[in-house]
Amino acid sequence: MIEETDWTNDDAVRWLRRPTAEDDKYSRGVVGMATGSERYPGAAVLGVDAAVRAGAGMVRYVGPDAVAHLVLQRRPEVVRGIGRVQAWLIGSGVDGEEPGEERTADFRHALEDGVPVVIDAGALPAVPGRVDGLAVLTPHAGELRRLLAARGTEVDADALSRDRDGWARRAAADTGAVVLLKGSRTVVAEPGGRLIRLPEATPWLSTAGTGDVLAGVLGAVIAGSAGRIGSTVELAESAAAGSLLHALAAASASGGGPIAALDVAEALPTTIARLLS
Ligand SMILES: NC(=O)C1=CN([C@@H]2O[C@H](COP(=O)(O)OP(=O)(O)OC[C@H]3O[C@@H](n4cnc5c(N)ncnc54)[C@H](O)[C@@H]3O)[C@@H](O)[C@H]2O)[C@@H](O)CC1
Ligand SMILES: Nc1ncnc2c1ncn2[C@@H]1O[C@H](COP(=O)(O)OP(=O)(O)O)[C@@H](O)[C@H]1O
């Protein structure tokens, strides 16, 4: 039987890293981010803010000057340019149909850098037929349909919503990547067939930019555990931990009322403290 797990707080805690006296900013995990564009600069700001607040040792931002300017206004902690990282996040806020030459080169660099890569939004069309290294794809339902269609499988929206687990698994098997299918009930499928189901998140989370925040959280959590991630099974667990942290932060930020995406990022530190205590 193929393993299926309903993910709990205790499962997630195993993938959240508490820094020790021996740590420094590099050992805590550096995330490289090739996100945002002149059309969607906010996505870069949201992802970077989330990664910083989710405990990244450092964030390296790669992108257009105008976007970098906004990122640094919000988070002066961020360092610009390509350098050594423990995980990459690519694609949030990038136009997938016309990413442009520089972005395409950034994506290629990340995919060939030998560290886990979170592949979001506009980088999903750049995913090769099958990925070589360790990668997490983070589609919403519409993006999953496009990902499958690009590999010759047409599935309509109703069929996908009736069997989200099955289609996420299919995409993981076809691409060789971990597939985190976003939605009210997020699921994480691993290419070997393993499936992790997240608890239902607060519906207040369905607001613009919360996926960009999730991507930043995933980058930070995965970079923080990179030394322990040697296979897609571990990568899937670490991604599920990031997703649960994101949902808990959303619940805490909401308290039963509306939230903005940045509120979720701002609730991350206290949510992590609660989980670790
Ligand atoms: N402040 C910002 O800069 C923001 C930037 N964003 C960026 O905007 C770009 C476009 O993302 P979108 O997701 O809006 O658009 P997409 O162009 O990826 O997809 C939207 C299409 O997919 C369909 N669809 C089916 N299921 C869906 C689902 N569950 N959620 C969303 N769409 C679904 C929609 O009907 C629509 O036709 C991404 O790069 C994203 O990162 C968004 O995150 C919003 C906030
Ligand atoms: N009805 C819902 N209930 C709970 N969470 C949801 C719901 N709809 C979407 N989400 C979550 O909100 C986030 C939306 O991400 P995404 O679709 O990428 O939006 P955006 O591109 O605007 O950031 C994801 O984390 C997803 O799991």
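Trainee: Which residues does Gly183 touch, leaving out those up to four places away in sequence?

Mentor: In this predicted model, Gly183 touches His140, Ala141 and Arg164. Each of these pairs counts as a contact because the C-beta atoms lie within 7 Å.

Trainee: Where is the place of Gly183?

Mentor: Look at the loop between S8 and strand S9 (187-189). Gly183 sits there.

Trainee: Why is Gly183 called partly exposed?

Mentor: Count the neighbours. Gly183 has 19 other C-beta atoms within 10 Å. Buried needs 20 or more, and exposed needs 12 or fewer. The value 19 lies in between, so Gly183 is partly exposed.

Trainee: What about Ser184: does the count make this residue buried or exposed?

Mentor: Ser184 is found in the loop between S8 and S9. Inside 10 Å, Ser184 has 12 C-beta neighbours. The limit for exposed is 12 or fewer, so Ser184 counts as exposed. Beyond four places in sequence, Ser184 is in contact with Glu200, Ala201 and Pro203.

Trainee: Which positions does UniProt list for "binding site" along with Ser184?

Mentor: The unreviewed entry lists Lys182, Gly183, Ser184, Arg185, Thr186 and Gly211. That comes from the record.

Trainee: Which residues come nearest to ligand 2?

Mentor: There are 16 residues around ligand 2. Lys182, Ser184, Leu205, Ser206 and Gly211 come nearest.

Trainee: What makes up the shell around ligand 2, by class?

Mentor: Nine residues are polar, five are nonpolar and two are charged.

Trainee: Where else does UniProt place the feature "binding site"?

Mentor: The unreviewed entry also places it at Ala43, Gly93, His140 and Asp212. Recall that His140 touches Gly183.

Trainee: Why is Ala43 called buried?

Mentor: Ala43 is in helix H2 (residues 41-53). Within 10 Å lie 28 other C-beta atoms. The cut-off is 20 or more, so Ala43 is buried.

Trainee: What makes Gly93 buried?

Mentor: Gly93 has 26 other C-beta atoms within 10 Å.

Trainee: Now helix H5 (residues 141-149). Which of its residues are buried?

Mentor: Glu143, Leu144, Arg145 and Leu147 are. The buried residues of H5 pack against strand S7 (135-137), helix H6 (157-162), helix H7 (164-175) and strand S8 (178-181).

Trainee: How do you know that the chain agrees with a compact globule?

Mentor: With 277 residues, a compact globule would be near 19 Å, and the chain has 17 Å, which agrees. The C-alpha atoms fill a box of roughly 45 × 45 × 40 Å along the principal axes. Of the 277 residues, 52% count as buried.

Trainee: How many helices and strands are in the chain?

Mentor: The chain has 11 helices and 10 strands. Now take contacts between residues at least 6 apart in sequence: 69% join residues at least 24 apart.

Technical notes. Residues numbered from 1 in each chain as written. Chains lettered and ligands numbered in written order. Predicted model: local features only at pLDDT ≥ 70, side-chain atom pairs only at ≥ 80, totals over all residues. Near = placed C-beta within 6 Å. Nonpolar A, V, L, I, M, F, W, Y, C, P; charged D, E, K, R; others polar. Helix = DSSP H or I, 4+ residues; strand = E, 2+ residues; numbered from the N terminus. Contact = placed C-beta atoms within 7 Å. UniProt positions renumbered as here; feature names shortened; annotations may be inferred. Rg over C-alpha atoms; globule rule 2.2 N^0.38 Å.
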